[in-house]
Amino acid sequence: MPATPDHPTEFASVEDVTERFAAHGYIADRRLATTVFLLTRLDKPVLLEGPAGVGKTELAKTLAAATGRRLLRLQCYEGQDESRALYEWDYGKQLLYTQMLRDKIGELTADAPDLVSAVRRIEEQDSVFFSDRFLAPRPLLEAVRGEEPSVLLIDEVDRADEALEAVLLECLAEYQVSVPEVGTYTAKTPPYIVLTSNNSRDLSAALKRRCLHLSLGYPDAERELEILRSKETGLPEATARHLVEVVRGLRELRLRKNPSISETVDWARTLAVLGVDELGPEVLADTANVVLKYERDLGRALDVLPRLVDPNRTLPQPGHHHDGHGHPHHHDGHDDHDGHDDRHEVDGRALRTAMDQQGRHDKDYYGAPGPGPTRRTAPGAGQGARSFAAMARRRAV
């Protein structure tokens, strides 16, 4: 039975993964298809690491489409806190309900002998205002609490602060989210969880231990050509094959950002729109900005494009028409258009890795293995209860 939103189906085999992914335009090799199959059978998250544009995010989207599951996405960024990942309280709604029920609050405290007694009576009602009705779920809680089976994409987790990794551990290990004011939510149907990382920093051992791992790199020439075919770019077969060879040659250069698979597809579509049937240095020079996003990279590519296309042809020297300024360019590896000096260039990834301390999340954290909240927490135990009590005191006064 085909996968539909109402009837999601599991994969029958590794070959079934390959076929169903291909039907949605995603060309998966045996290793990738095996990892996806194990993800669905072992109920374990998968961590995909590799350069940008090799199909990590697209894999999660295709997994959702192929299984008929709902896709939930948490896009990570620096400074992100747990309220954007797990949940937050709808304080505006709580305040509105408080205004609507102020007469009831007055009746509740009318015969209180003193202020302390009045506040205590109000605090006993905290559970009314800290319940599902006022809980605003974010992607992690939505994936756990939702009735509909889902695929949870935690995209670019390496961009988030390390503190967020600790927040993720409970969900990754046990498919549950703990809300201090309410209790613990556990998924009835565990979501398929896909984490992606561009390797901008090293991730903690605790997070990696909870996941299957797959490193995605650039494909070989035949598979990249197959991907181009599947995207129906409109470029003739021979031209597409030649373009793949050019892109692979560019990746061998010392570039700040190598052309990704998705950018290869964009370049092929660009050439098809221009009606290109045969590649030449001139047309590639005019369109190289589709795949090269730094001026330094573009300058280096222009130097080698004639050799990549045809060793017997040379690129004309139009005063570097690609930037329109006519100023000289330096491609000797010392000084570049963007002001970077290669001799003094610092490897940022190495610095971030050196700062990373393995095992830093293996100690105590909220939701760590062992005794924890498995039942409803007594009213007044959470941060929301304190804020509500303070509001009640002001009203009582």
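Start with the largest nonpolar core, which has 32 residues; a nonpolar core is a set of buried Ala, Val, Leu, Ile, Met, Phe, Trp, Tyr and Cys residues joined through side-chain atoms within 4.5 Å, and buried means under 20% relative accessible area with a 1.4 Å probe, protein chains only. This is a predicted model, in which local features need pLDDT of at least 70 and side-chain atom pairs count only at pLDDT 80 or more, while totals for chains, interfaces and linings use all residues. Residues are numbered from 1 along each chain as its sequence is written, and side-chain values use heavy atoms, with hydrogens and water left out.

Select Leu140, Ile154, Val157, Leu172, Ile193, Leu195 and Leu207, the residues with the most contacts inside this core. Next, colour helix H10 (162–174), which supplies five residues, the largest share of the core. Helices (H or I, at least four residues) and strands (E, at least two) are DSSP runs, numbered from the N terminus.

Now centre on Leu172. Leaving aside residues up to four places away in sequence, Leu172 touches Pro45, Ile154, Ile193, Leu195, Leu207, Arg210 and Cys211; contact means heavy atoms within 4.5 Å. A second, separate core of 29 residues includes Ala28, Val36, Leu39 and Leu63.

Finally, show helix H13 (residues 237–251) and helix H14 (residues 261–273), whose axes come within 11 Å and cross at roughly 135°. Axes are lines fitted to C-alpha atoms, for helices over the stretch in contact, and angles run from 0 to 180 degrees between N-to-C directions. On the H13 side, select Leu243, Val246, Val247, Leu250 and Arg251; on H14, select Ile261, Thr264, Trp267, Ala268 and Leu271.

Definitions and conventions
Buried means under 20% relative accessible area, exposed over 50%, partly exposed in between (1.4 Å probe, protein chains only).
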